[in-house]
Amino acid sequence: MEKGLIHIYTGNGKGKTTAAFGLAIRAALAGKKVYIGQFVKDMKYSETAISEYIPSIEIEQLGNGCYIYSKPEQIDIDKAMESLAKCSDILKSSEYDLVILDEVIIAIYLGLLDEAKVIEAVKNKSPDVEVVLTGRYASEGLINIADLVTDMTEIKHYYSQGVLSRKGFDC
């Protein structure tokens, strides 16, 4: 039995979810079973179709919308907490080899989830489950439990030149 490690992909640069999905594809092609729970997100991005092409990857959107410019309501917090409970159960089982909690870190930052509950869920995972947490603003508490932390640093981004999200590349 291999020990499952804890990865964090954070920072203000582009590529956190992309890196997590790259790892998911790599794991699936190596015969691993993957679960991806997308916190905050509820729009159908291009990556949500991945299960149609790679059946060993299950993806579930766990959000009620995007809160970048507004404050979440109690219903949003309740949904996030319910989703974390589900993901905690998935982490404890050995049903999946890799579990990705996409945007869970930003869910903490936005006040949808309590950081201590996320840390508890990750710490109580089955020993053989690999887990990835993504999102901006990873705290020291999260960083301390991780085995690998990658900080995506934005040097230059085409958004500042007025280029909007492009299907297949950004969404």
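I took helices (H or I, at least four residues) and strands (E, at least two) as DSSP runs, numbered from the N terminus. I numbered residues from 1 along each chain as its sequence is written. The model is predicted, so I kept local features at pLDDT of at least 70 and side-chain atom pairs at pLDDT 80 or more, with totals for chains, interfaces and linings using all residues, and side-chain values use heavy atoms, without hydrogens or water.

**Entry 1: the whole chain**

I read the elements from the N terminus as β-α-β-α-β-α-β-α-α-β-α-β. That comes to six helices and six strands. I then looked up the radius of gyration, taken over C-alpha atoms, and the globule rule, 2.2 Å times the number of residues to the power 0.38. The radius is 15 Å, close to the 16 Å from the rule for 171 residues, so the protein chain is as compact as a globular protein of that length. Along the principal axes, the C-alpha atoms fill a box of roughly 50 × 35 × 30 Å.

For burial I used relative accessible area: buried is under 20%, exposed is over 50%, and partly exposed is in between (1.4 Å probe, protein chains only). Of the 171 residues, 46% count as buried.

**Entry 2: the sheet**

I counted two strands as paired if DSSP finds at least two bridges between them. Six strands form an open sheet with parallel pairing, in the order β3-β2-β4-β5-β1-β6. The edges are β3 (57-61) and β6 (148-151); each has a single partner strand, so one side of each is left without a neighbour in the sheet.

I next looked at β2 (residues 34-38) and β4 (residues 98-102), which run parallel and are joined by five bridges. Gln38 has Asp102 in β4 as its bridge partner. Helix α3 (residues 74-92) packs on the sheet and touches β2, β3, β4 and β5 (130-134), contact meaning heavy atoms within 4.5 Å. The direction of α3 makes about 160 degrees with that of β4; axes are lines fitted to C-alpha atoms, for helices over the stretch in contact, and angles run from 0 to 180 degrees between N-to-C directions.

**Entry 3: the cores**

A nonpolar core is a set of buried Ala, Val, Leu, Ile, Met, Phe, Trp, Tyr and Cys residues joined through side-chain atoms within 4.5 Å. The largest has 33 residues, and Phe39, Val99, Leu101, Val104, Leu113, Leu133 and Leu142 touch the most other members. Helix α3 gives the most to this core, six residues. Another core lies apart from it, with 16 residues, among them Phe21, Ala24, Ala27 and Ile57.

**Entry 4: helix α5**

I listed the buried residues of α5 as Val118, Ile119, Ala121 and Val122. They cover an arc of only 160 degrees around the axis, which puts them on the same side of α5; the arc is that of the directions from the helix axis to the C-beta atoms. Their cover includes β1, α3, α4, β5 and α6.

**Entry 5: two single residues**

I found Met81 in helix α3. At 43% relative accessibility, Met81 counts as partly exposed. Not counting residues up to four places away in sequence, Met81 touches Leu112 and Leu113.

Glu103 lies in the loop between β4 and α4. With a relative accessible area of 16%, Glu103 is buried. Leaving aside neighbours within four places in sequence, I found Glu103 in contact with Thr17, Phe39, Val40, Lys41, Thr134 and Gly135.
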